[in-house]
Amino acid sequence: MTWCPKCSNTGIDIDGNPCSCRFNAESFYETVSCMDIPQQYQGVMFSAALVPKDVDPSYSIFLQKLFDQVVTGKVFQQNMCICSPVAHSKNVWAYSCIEMLFRKGIPTFPVYDVLEIKRILLDTDLNRKQLYDVANPENVTLAPILFVKVPRVITWEVYDTMVLILDRRTRRGNSTVF
């Protein structure tokens, strides 16, 4: 390590900020694309023990194993659909996965529903201004794993969009979790 004249190798510059010799914000944020997590889910980690007990116990075990696989990168290049009643830990699970992936420097994309993703793809394809405030819309297809909500009422448009999302992401070797 060479000597830094800005901080004298303390890591803190004269203004009390982290020195660029230890933390280069530009290179850090080049590898991380987003972590758009609603405030009520920020810092909340998934726990199988907190999954409601009114479903088969294998559901919470499945979610815990899948969470462990996602955050260690073992589930990439697989697509899956998680179906359970409302308020059965799917959102907490998805946002916890995104937060853990973000911490590891893996590009992520916010959770949107199928029809919102369709609009993001359409705006990107037509080179239009994004309707939704999306920093890196290309990560809909490029992020290693994408978490997508499915509306309660499934229409042909929803089904067709799910197929489109899967097709674009699978061709690039990426995973999708509905």
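# Notebook: a predicted chain, looked up piece by piece

**Entry 1, a loop residue.** I began with Asn127, which sits in the loop between α4 (114–125) and α5 (139–142). This is a predicted model, so I keep that in mind throughout. Is Asn127 buried or exposed? Its relative accessibility is 73%, and because exposed means over 50%, Asn127 counts as exposed. I also looked up its backbone: phi of Asn127 is near 55°, a positive value in a residue that is not glycine.

Ser89 turned up next, with a positive phi of about 75° although it is not a glycine either. I found Ser89 in the loop between β1 (79–80) and α3. Ser89 has a relative accessible area of 16%, and the cut-off for buried is under 20%, so Ser89 is buried. I wrote the pair down together: Asn127 is exposed, whereas Ser89 is buried.

Time to step back. I noted six helices and four strands in the protein chain. In sequence order they follow the pattern α-α-β-α-β-α-α-β-α-β. The C-alpha trace spans about 60 × 45 × 30 Å along its principal axes. Of the 178 residues in the protein chain, 38% are buried.

Two packed helices are described by the angle between their axes and the distance between the axes. With that in hand, I went to helix α2 (residues 57–72) and helix α3 (residues 90–103). What is the angle at which α2 and α3 pack? It is about 20°, and their axes are 9 Å apart. Angles under 35 degrees count as roughly parallel, and α2 and α3 are therefore roughly parallel to each other. Their crossing is right-handed.

Who makes the contact? From α2 I listed Tyr59, Leu63, Leu66, Phe67, Val70 and Val71. From α3 come Lys90, Trp93, Ser96, Cys97, Met100 and Leu101. By class, the contact of α2 with α3 has 10 nonpolar residues, one polar and one charged.

I stayed with Ser96, which has its place in helix α3 and is one of the residues in the contact with α2. Ser96 is buried, with a relative accessible area of 0%. What lies 2.9 Å from a polar atom of the Ser96 side chain? I found the backbone oxygen of Val44 there. Leaving aside neighbours within four places in sequence, Ser96 is in contact with Val44, Met45, Phe46 and Phe67. Phe67 was already on my list from α2.

Asn174 is in the loop between α6 (156–171) and β4 (175–177). Its relative accessible area is 11%, so with buried set at under 20%, Asn174 is buried. A polar atom of its side chain lies 2.8 Å from the backbone oxygen of Thr141. Which residues does Asn174 touch, not counting those up to four places away in sequence? I wrote down Asn79, Thr141, Leu142, Ala143, Pro144 and Arg169.

Note on methods. Residues are numbered from 1 along each chain as its sequence is written. This is a predicted model: local features need pLDDT of at least 70, side-chain atom pairs count only at pLDDT 80 or more; totals for chains, interfaces and linings use all residues. Side-chain values use heavy atoms; hydrogens and water are left out. Axes are lines fitted to C-alpha atoms, for helices over the stretch in contact, and angles run from 0 to 180 degrees between N-to-C directions. Helices (H or I, at least four residues) and strands (E, at least two) are DSSP runs, numbered from the N terminus. Angles under 35 degrees count as roughly parallel, over 145 as roughly antiparallel, 65 to 115 as roughly perpendicular and the rest as oblique. A crossing is left-handed if the near helix is turned anticlockwise from the far one by less than a right angle, and right-handed if clockwise. Contact means heavy atoms within 4.5 Å. Ala, Val, Leu, Ile, Met, Phe, Trp, Tyr, Cys and Pro count as nonpolar, Asp, Glu, Lys and Arg as charged, and the others, Gly among them, as polar. Buried means under 20% relative accessible area, exposed over 50%, partly exposed in between (1.4 Å probe, protein chains only). A polar contact is a pair of N or O atoms within 3.5 Å; within protein, one must be able to donate a hydrogen and the other to accept it, and residues adjacent in sequence count only if both atoms are side-chain atoms.
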